[in-house]
Amino acid sequence: MGKVIVLRIGHRFFRDSRVTTHVCLTARALGADGIIIADRHDKTVESTIREVAKRFGGDFSIESGKPWRRTILDWRDMGGKIVHLTAYGLKLPDVIQEINEADRDILIVVGSEKMPGEVFKLADWNVSITSQPMSEVAALAVFLDWHLENHAFEKVFPRGEIRIVPSRGQKNIERIG
Ligand SMILES: C[S@@+](CC[C@H](N)C(=O)[O-])C[C@H]1O[C@@H](n2cnc3c(N)ncnc32)[C@H](O)[C@@H]1O
């Protein structure tokens with residue numbers, strides 16, 4: 001499988017910080033390699049996610065402020081494909097095989113407020129999860145789970161400081177090293 005980066009478009013300070021943080025956490029936990037928060041620098045979200053990655057491990061990258069159009073065009077120039085998650089796109093089950101068999105680096109675009117119409121044209125696939133409006137966090141989670149074919153638990157997060165030990169009845173964290 002190629003590299004997977006999420007592009008978050010339309011992030012607004014304060015108002016969207018919590019949801020954007022959840023987009024980042026979900027992307028990281030479900031196997032994406034990184035996230036780009038387009039157009040606006042948000043050092044607070046960046047440092048929150050870097051701290052999580054430092055404690056729990058892995059190589060998740062985060063940057064903010066790069067213009068969304070430039071990000072998409074650069075990605076295409078490097079041979080990557082664009083998946084735009086939108087309620088108006090084709091049904092996920094109808095396109096996931098084609099996306100996975102393409103076996104290319106993919107940029108997954110998710111919005112916040114209204115998405116620029118140009119994104120629909122730049123995308124290789126406009127993909128819908130259920131053809132109903134929903135949260136970008138939920139849409140991203142479902143897409144990544146299908147893309148990874150339910151193997152998220154197998155992802156390794158090296159060089160962390162702590163690890164969650166699955167437990168039936170208590171919060172259990174183990175220090176590493
Ligand atoms: C809460 S929605 C707001 C969309 C905005 N009202 C509009 O009309 O463009 C934010 C983002 O969630 C994602 N999203 C929402 N529903 C979706 C669905 N059913 N399938 C895929 N992505 C979805 C899209 O990326 C969208 O830009």
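Q: How many salt bridges does a search of the whole structure find?
A: The search finds 12 salt bridges. The model is a predicted one.

Q: Why is the contact between Arg 50 and Glu 46 called a salt bridge?
A: The N to O distance between the two side chains is 2.9 Å. The cut-off is within 4 Å, for a side-chain nitrogen of Lys or Arg and a carboxyl oxygen of Asp or Glu, so the pair qualifies.

Q: Where do Arg 50 and Glu 46 lie?
A: Both belong to helix 2 (residues 43–56), four residues apart, about one turn of the helix.

Q: What makes the pair Lys 54 and Glu 161 a salt bridge?
A: Their side chains meet at 3.5 Å, N to O, which is within 4 Å and therefore counts. Lys 54 lies in helix 2 and Glu 161 in the loop between helix 6 (136–147) and strand 7 (162–164), so the pair ties together parts that are 107 residues apart in sequence.

Q: How do you know that Arg 159 and Asp 59 form a salt bridge?
A: The N to O distance is 2.3 Å, and the limit is 4 Å, so the pair qualifies. Arg 159 sits in the loop between helix 6 and strand 7, and Asp 59 in the loop between helix 2 and strand 3 (61–64), so parts 100 residues apart in sequence are tied together.

Q: Why are Arg 159 and Asp 59 called exposed?
A: Arg 159 is at 60% relative accessibility and Asp 59 at 58%. Exposed means over 50%, so both residues count as exposed.

Conventions: Residues numbered from 1 in each chain as written. Predicted model: local features only at pLDDT ≥ 70, side-chain atom pairs only at ≥ 80, totals over all residues. Heavy atoms only, no water. Helix = DSSP H or I, 4+ residues; strand = E, 2+ residues; numbered from the N terminus. Buried < 20%, exposed > 50% of the residue type's maximum accessible area, 1.4 Å probe, protein only.
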